[in-house]
Amino acid sequence: MNYAFFLGCTVPVRNLNYELSARLVAETLGLELVDLEDFQCCGFPLKSVHFFDSLVIAARNLALAEKAGLPVCTLCSACGGSLSEANHLLRHNAELRSQINERLKEVGLEYTGTGEVKHFIRILYEDLGLDRIKEKITRPLSGFTFAPHYGCHFIKPAEAAGGIDPVEDPKSLSELIEVTGAKALKYNTMLNCCGGSVLGAKEDLANTLAGQKLGEVNQLGANGLIMICPFCNVMYEGQQKKVEKKLEQKLKVPVLYYPQLLGLALGAGPEQLGFKLNRVKDKDFLKQFEKED
Amino acid sequence: MERIDLKKLDPEFKHRVAGELGGEHIKKCFACGICSARCPIEKIEPEYNPRKIIRMILLGLEDELLKEEFLWHCSTCYTCQESCPQRVNFTEVIFALRNLAVRKGLAPAGMAAAQNLLSQQGRMYEVGDFENEKRQEMGLPKIKGNPEDYQKLLKK
C-alpha cells in the first residue's frame, strides 16, 4: 500500500514528533509513504480570503498526486479536509473544474478527479484495518486510559470526508486506541471543536473552547488526550498554560499524537517516537517504555 | 442592533451571496434555528448568531453584516452544516461572506496575511536551512518544495 505523503505547512516545521511517529508506524505496518518534493500548502488558509484560489492550490496538489498515481495521505485534518473538499467539488462541477484547469495550465498540470485523499488515521482504520494492526502489537497498553479528540475536519463535512464515521457518534479513533490495549474514554466534550481556527481572530474565544475539553479531561484524569491534527495540538498543548490561567485552575493533560501511542504498543521507545518534543507529558507512563537494555 | 431602515435594504444581496462559492444554498433557509441552537461559538459569544446572520443576508443588510468582526469568529466546526435540515451549508456561507468582506475591504486587519505568505513562499511557515537541519537531526528527509508554482498561480 503506497501513498503520496502530504505533510502540509505545520507538521514538517512544528510537529516533528507527529511526522516521525507516523513514518515509523507506517514502516512497521508495511505502509509506504512516498514524499513528493513539490507538495506545498493545501490551500485551506486561503479559503476565507479567496475560495476560488484555495481550490486552485488544492487542485494543484491533487494533480501532482494523480500524476504520481498515488492516493494522498495527510496528517493534518485541515489539509485532509481541504483536499477532500476540493476533490468532491471539482468532481461534481464540470464548469468549475475547467476554470481551475485553465489556471493550472500555467504550471503544466491538469486535475482529472481520479485521485483519492485519506487522512493517515483513516488509512490505518480502513485500508489496513484493526485486525492487521492487532497482530503487530507487541506491548499492549493495558491499564492505561486515553481520551480521543476527533476534531472537526477529520469527519466533517460528511459529504466531502467520505463517511469514515457517523458525525454524531464517531468510533474510528476510539477503536484505534483500544486496539493498543488501552481504554478509550467516552466523555461529554469528546466532539468539541478545539477552537484553532479562531486563534488568529480572537484568542480568548479560542482558549474558552479549548478549555471546555481540557477542563473535563483534566478532571477525569486520563493518561493523555490523543491528537490527529496539528491545529488541534496548538490549542490543547501549545495553549494549555494560557487556558490554565483563564480557567484559574491547574491543568495537567498530557497531549500526544495517535501514532506516538500506537508506536509504543508496536514496541518502539519514546525517544524514537519524538516524545522529547511533547510539552505536557505523563512521565510515569513513559518511563515504563524506556529501553531496558 | 438599531432599528432597520427598510429603504436601505438591498434585495440583491442574497443573490450575490448565492453567486459565491459556498453561498449557493442560502435561500433554502426556513429559519428553524438549529444552526444557532447547536453553535458552540454562539454559546460563548451571543453576538455571533448564525440564524440572525442568515436573516441579515435574506433581508439585504450587506454593509452592516460584512463589517462585523464576528464573521471571523466562526471556528468552522461544521456542526451547523451537519445539523441543517435544509442543507443551507452555513459553514460554507461564512466562507462566502468572508470572501465578500475581503473584496470590499471590510475584513479586519491581518485576516488576509495568508495570501501574501502563500503567493511568495507557498507555505505558511518558511522551511529554510535551519528547519531542514533540525529535520535531518531527527532523521527526517529534507523539504524542497516549489514556491515558483505558487508565485505563478497566485500572482495578482
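What follows is a walk through a predicted model, from its chains and domains down to single pairs of residues.

Some ground rules come first. Residues are numbered from 1 along each chain as its sequence is written, and chains are lettered from A, with ligands numbered from 1, in the order in which they are written. In this predicted model, local features need pLDDT of at least 70 and side-chain atom pairs count only at pLDDT 80 or more, while totals for chains, interfaces and linings use all residues.

How confident is the prediction? The model scores ipTM 0.96 and pTM 0.96. Chain B averages a pLDDT of 95, and 99% of the residues score at least 70. Here pLDDT is the predictor's confidence in each residue, from 0 to 100.

Start with the domains, whose bounds come from an automatic or database domain assignment. Chain A is divided into domain 1 (2-119) and domain 2 (140-260). Their centres, taken over C-alpha atoms, are separated by 24 Å. Chain B is assigned domain 1 (7-103) and domain 2 (113-153). In chain B, 34 Å separate the two domain centres, again taken over C-alpha atoms.

Now look at where the two domains of chain A touch. Two residues are in contact if their C-beta atoms, placed from the backbone, lie within 7 Å. By that rule, 18 residues of domain 1 of chain A meet 15 residues of domain 2 of chain A. On the domain 1 side, the elements giving two or more residues are α1, α2 and α4 (77-91) of chain A. Such elements are DSSP runs, numbered from the N terminus: helices are H or I with at least four residues, and strands are E with at least two. α4(A) gives the most to this side, with 7 residues. The domain 1 side divides into 6 nonpolar, 10 polar and 2 charged residues. Ala, Val, Leu, Ile, Met, Phe, Trp, Tyr, Cys and Pro count as nonpolar, Asp, Glu, Lys and Arg as charged, and the others, Gly among them, as polar.

Next comes the contact between the chains. It takes 44 residues from chain A and 41 residues from chain B. On the chain A side, the elements that give two or more residues are α1 (11-14), α2 (16-29), α3 (51-68) and α10 (203-220). α3(A) gives the most to that side, with 6 residues. The chain A side divides into 23 nonpolar, 9 polar and 12 charged residues.

Follow α3(A) back into its own chain. α3(A) packs against helix α5 (residues 94-104) of chain A at an angle of about 75°, with their axes 10 Å apart. Axes are lines fitted to C-alpha atoms, for helices over the stretch in contact, and angles run from 0 to 180 degrees between N-to-C directions. α3(A) is therefore roughly perpendicular to α5(A). Angles under 35 degrees count as roughly parallel, over 145 as roughly antiparallel, 65 to 115 as roughly perpendicular and the rest as oblique. α3(A) brings Leu55(A), Val56(A), Ala59(A), Arg60(A) and Ala63(A), and α5(A) brings Ile100(A), Arg103(A) and Leu104(A). This contact has 6 nonpolar, no polar and 2 charged residues.

α10(A) has a helix partner too. Its axis and that of helix α12 (residues 240-247) of chain A come within 9 Å and cross at roughly 85°. The two helices are therefore roughly perpendicular to each other. Among the residues of α10(A) that meet α12(A) are Asn207(A) and Leu214(A). The contact of α10(A) with α12(A) has 4 nonpolar, 4 polar and 2 charged residues.

Turn to the strands. Two strands pair if DSSP finds at least two bridges between them. Four strands of chain A form an open sheet in the order β2-β1-β3-β4, with parallel pairing. β2 (32-35) and β4 (117-119) of chain A stand at the edges with a single partner strand each, so one side of each is left without a neighbour in the sheet. The twist averages 40° from one strand to the next. Strand β3 (residues 72-74) of chain A is joined to β4(A) by 3 bridges. There, Thr74(A) has His119(A) as its bridge partner. α4(A) lies across β1 (2-6), β3 and β4 of chain A, running at about 160° to β4(A).

Finally, find strand β5 (residues 145-148) of chain A. β5(A) pairs in the parallel sense with strand β6 (residues 183-184) of chain A over 2 bridges. Thr145(A) stands opposite Lys183(A) in β6(A). β5(A) also runs parallel to strand β7 (residues 224-227) of chain A, joined by 3 bridges. Here Pro148(A) stands opposite Ile226(A) in β7(A).
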